[in-house]
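Please keep the sequence and the model open beside the text while reading.

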Amino acid sequence: MKTNSAGFIQVFKSRWIYKILAAFIAVVLIAGGAHAVAMRLSIAAAFERHLGRMNENMQGMMGGGSGMRGVNLYESFTAAVNDSLWISALIAFIVSVLAALLISRLMTKPIHRLTRASRAIAGGDYSHRIPPDEISTDELGLLAQSFNSMAEKLESIEAIRKQLIGDISHELRTPLTAIKGSMEGLMDGVLPADKSTYQQIYRETDRLQRLVEDLQELTRIDSSALRLNRKAIKIADLVQAVVVPLENTFAMKGVALKSQVESALPQIVVDSDRIQQVLHNLLGNALHFTPENGHVVLEVRQDGDAVLFSVQDDGIGIPPEHLPHIFERFYRADKSRSRAAGGGSGIGLTIAKSLVEAHGGKLWAESKGKNKGSTFLFTIPVE
Ligand code: ADP
């Protein structure tokens, strides 16, 4: 009952309903007007015609009484009204059909426009839009607006898809070319069939494997198939779990790794594996981009309603022109250096950012410029 009355009220809020109502009224008025005008124009002629016939009849009968004349006059009048009614009804019908056709053509114009636009989109023309000056203020106008925003979204998805395919092919080409080159060298006897050649091929296949794994991870995150297994954790334990296995790798490169965790931090409810993955990525990058004798500090402290994690290094830094882009897929500030030094594919930070955002936090980077070190910071809100 409640939904019925709500639906009934909704009908009166609809502008489109008023347009249809106005169209009906317009057709009725046009039909009525045409009828009245046609009747007004035709009745005099019809009456005259019937009067003429009556006079002819009377002369033929050679003088009837006045009562007889009254009856004949009355009959002529009703016959004339009937004639005129038929003619004007026919004219009113034709005029109202024409008016209804014209009005429905005007009213369905936006629907035809929408149909044409959706056909264009279905045909792959994602740039097609309904011009703003052709968008009405009724429900069809709202539909046209939603259509335009849908088309905009589809266009940007299509652009991302194209760029992604281009980027992936580019990323695949480099290791594949290197593997193919090494194999050709081996076959032609130009390269020695020794450990270093096989190690080089192994490194390239390893890069390919990492790229594929990163892409799979990215797809999982992008398609919202990511399930966070959130639990209340102790931050100090989490930091230990990340730092301890890395100590040896840092020591081997001669980079000092320090962790500072503020005491009495509040508990956070997170997917521990995922946050470890983020920290692992940031520390891995810090190690990669910090030369020998450098320093990396992982710090965790409370910052308002959130816990702030920061990974600071005194490595090669990030020039300001690259800073806004490093979280984009496949973006590397220094591509040649990254590749030559066994760097990643430029997806690590994209994944890390998505993982932090899935926890309701924010990840960003700060750097004073080239060779001035970098700091990566992220927040995790306290529940
Ligand atoms: P990659 O797999 O290439 O490391 P990331 O997405 O992790 O990809 O990083 C993207 C780019 O950001 C890197 O190629 C590098 O140019 C820059 N970058 C990331 N971390 C650091 C850092 N600690 N110091 C300097 N540059 C960094």
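The numbered points below go from the whole chain to its sheet, then to a helix and to some ring contacts.

1. Please bear in mind that this is a predicted model, in which local features need pLDDT of at least 70 and side-chain atom pairs count only at pLDDT 80 or more, while totals for chains, interfaces and linings use all residues. Residues are numbered from 1 along each chain as its sequence is written, and side-chain values use heavy atoms, with hydrogens and water left out.

2. The protein chain has 9 helices and 7 strands; here helices (H or I, at least four residues) and strands (E, at least two) are DSSP runs, numbered from the N terminus. Its radius of gyration is 41 Å, well over the 21 Å that the globule rule gives for 383 residues, so the chain is more spread out than a compact globule. That radius is taken over C-alpha atoms, and the globule rule is 2.2 Å times the number of residues to the power 0.38. Along the principal axes, the C-alpha atoms fill a box of roughly 140 × 65 × 35 Å.

3. Of the 383 residues, 33% count as buried, where buried means under 20% relative accessible area, exposed over 50%, and partly exposed in between (1.4 Å probe, protein chains only). Thr 137, in the loop between α3 and α4 (139-188), is exposed, with a relative accessible area of 65%. From Thr 137 to Met 187 the distance is 72 Å in space, C-alpha to C-alpha, for residues 50 apart in sequence.

4. In which order do the 5 strands of the open sheet lie? The order is β2-β4-β5-β7-β6, with mixed pairing; two strands pair if DSSP finds at least two bridges between them. At the edges stand β2 (256-261) and β6 (362-367), each with a single partner strand, so one side of each is left without a neighbour in the sheet. Neighbouring strands of this sheet are turned by 15° against each other on average, direction ignored; axes are lines fitted to C-alpha atoms, for helices over the stretch in contact, and angles run from 0 to 180 degrees between N-to-C directions.

5. The pairings can be followed one by one. β2 and β4 (residues 295-303) pair in the parallel sense over 6 bridges, and Gln 260 stands opposite Glu 299 in β4. By contrast, β5 and β7 pair in the antiparallel sense over 8 bridges, with Ala 306 opposite Pro 381 in β7. β6 and β7 also run antiparallel, joined by 6 bridges, and the bridge partner of Trp 364 in β7 is Leu 377. These two strands form a hairpin with 6 residues between them, and Gly 369 in the turn has a positive phi of about 125°. Of the 8 residues of β7, 7 are buried, so this strand is largely enclosed by the rest of the structure.

6. Helix α9 (residues 348-358) packs on the sheet, touching β6 and β7 (374-381), and its direction makes about 135° with that of β6. Among the buried residues of α9 are Leu 349, Ile 351 and Leu 355, and what covers its buried residues includes α5 (195-222), α7 (272-288), β6 and β7, contact meaning heavy atoms within 4.5 Å. Just after α9, Gly 360 takes a positive phi of about 85°.

7. Rings of Phe, Tyr and Trp (its six-membered ring) pair if their centres lie within 6.5 Å; planes under 30 degrees apart count as stacked, over 60 as edge-to-face and the rest as tilted. By this rule the count comes to 3 aromatic pairs. One of them is the edge-to-face pair of Phe 47 and Phe 77, at 5.8 Å centre to centre and 85° between the planes. Phe 47 lies in helix α2 (residues 15-61) and Phe 77 in helix α3 (residues 66-122), so the pair ties together parts that are 30 residues apart in sequence. Phe 47 is partly exposed at 25% relative accessible area, and Phe 77 is partly exposed at 42%.

8. Phe 309 and Phe 378 form a stacked pair, 4.6 Å centre to centre with 0° between the planes. Phe 309 is in strand β5 (residues 306-313) and Phe 378 in strand β7, 69 residues apart. Phe 309 counts as buried at 1% relative accessibility, as does Phe 378 at 0%.
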